[in-house]
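Me: I have a chain open here and would like to go through it with you, one question at a time. Could you look at it with me?

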Amino acid sequence: GDGSDVQSATIDGWVESLSSGLIEIAYVVTEDRLKSNEITFATIVKDFAGTVEDQLVKNAAAVAPPVPPSSSSSLVGSGITAADVLVAIVLVAATTRVHGRAASTVSEHTDTLIHTVLTNSAVRDAMGDSRVTPDDVLMVEGVIPQLADTMANLKVSSDGGGGAAAAGAVPTDAELSADKNAIVAKLVELDIMAKTYGHVACMTGEELVTNVPVPPTESHTKNLFFKDKKHGMFLVTVSPDAEVNTKSLGKDMLG
């Protein structure tokens, strides 16, 4: 019906808004570029967080009775959607990257939404992050208050145990075999020759280069995922040190 179409369009709008800069700050921008443009990037993150807070406050007030800040409201409709999950994940990543660079703590409704999303067991399992390391706690300390409190009370692992799902763990050869790993299985099925490297989770291209040395004849890659309403989805693979202007890239690809 018209209502579901409007909700779907609104969800798409939030997802697209992430690609206008926040995803780049969270996962693409190099540390050197982050340092040289720290105020600009921090302002982008702060402004986006403010937009999220305004929408959450608006939705909370529209509910009868109104939703208090301590209870989770959502960006679209009356329940958590893909927009809430993606916004929470990317906003945390971007906020923690600019933390200490004039980025302020998120406001109360946004903090509650992030807490609701990122402490959900299904979300954490999907992110491959069902356990919490000391670094996780330090990363959000003082930036996402409620999430930091919850993470501090969860079981903290300092040994990386628990298999590949544990943060900081290196997958075993068995976990990288075709019968355990769907991606490896697909490569085998398509008869594509590939060498698999087991390594700790890397959130940026710089971390991958540091943690996973490769022979001089090989290269790391950085993968960028784009979605366009008219043209579908695109996966762009570039060198880890490549500076990518996502807006220009979109124009070049779509004409």
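Me: At what angle do H5 and H6 pack, and how far apart are their axes?

Reply: This is a predicted model, in which local features need pLDDT of at least 70 and side-chain atom pairs count only at pLDDT 80 or more, while totals for chains, interfaces and linings use all residues. Residues are numbered from 1 along each chain as its sequence is written, and side-chain values use heavy atoms, with hydrogens and water left out. H5 and H6 pack at an angle of about 105 degrees with their axes 9 Å apart, where axes are lines fitted to C-alpha atoms, for helices over the stretch in contact, and angles run from 0 to 180 degrees between N-to-C directions.

Me: What do we call that arrangement of H5 and H6?

Reply: H5 and H6 are roughly perpendicular to each other, because angles of 65 to 115 degrees count as that, whereas those under 35 are roughly parallel, those over 145 roughly antiparallel and the rest oblique.

Me: Which residues of H5 and H6 meet?

Reply: From H5 there are Asp 84, Val 85, Ala 88, Ile 89, Leu 91 and Val 92, and they meet Thr 110, Leu 113, Ile 114, Val 117 and Leu 118 of H6, with contact meaning heavy atoms within 4.5 Å. The residues of this contact divide into nine nonpolar, one polar and one charged; Ala, Val, Leu, Ile, Met, Phe, Trp, Tyr, Cys and Pro count as nonpolar, Asp, Glu, Lys and Arg as charged, and the others, Gly among them, as polar.

Me: Is H5 mostly covered or open?

Reply: H5 is mostly covered, with 13 of its 17 residues buried; buried means under 20% relative accessible area, exposed over 50% and partly exposed in between, using a 1.4 Å probe and protein chains only. H5 covers residues 82–98 and reaches 24 Å from its first C-alpha to its last, close to the 24 Å expected at 1.5 Å a residue, the expected span being 1.5 Å times one less than the number of residues.

Me: And the largest nonpolar core, which residues touch the most other members there?

Reply: Trp 14, Leu 22, Phe 48 and Leu 75 do, out of 32 residues in that core, a nonpolar core being a set of buried Ala, Val, Leu, Ile, Met, Phe, Trp, Tyr and Cys residues joined through side-chain atoms within 4.5 Å. H5 supplies the largest share of this core, nine residues. Leaving aside neighbours within four places in sequence, Leu 22 is in contact with Val 45, Phe 48, Val 90, Leu 91 and Ala 94.

Me: Changing topic, how many helices and strands are there?

Reply: The protein chain has 12 helices and two strands, where helices (H or I, at least four residues) and strands (E, at least two) are DSSP runs numbered from the N terminus. Of its 255 residues, 33% count as buried.

Me: Where is Asn 59, and what does Asn 59 touch?

Reply: Asn 59 sits in helix H4 and is buried, with a relative accessible area of 17%. Not counting residues up to four places away in sequence, Asn 59 touches Ser 74, Leu 75, Val 76 and Gly 77.

Me: What about Asp 191, buried or exposed?

Reply: Asp 191 counts as exposed, at 67% relative accessibility, and lies in the loop between H10 and helix H11 (205–211). Asp 191 also has a positive phi of about 60 degrees although it is not a glycine.
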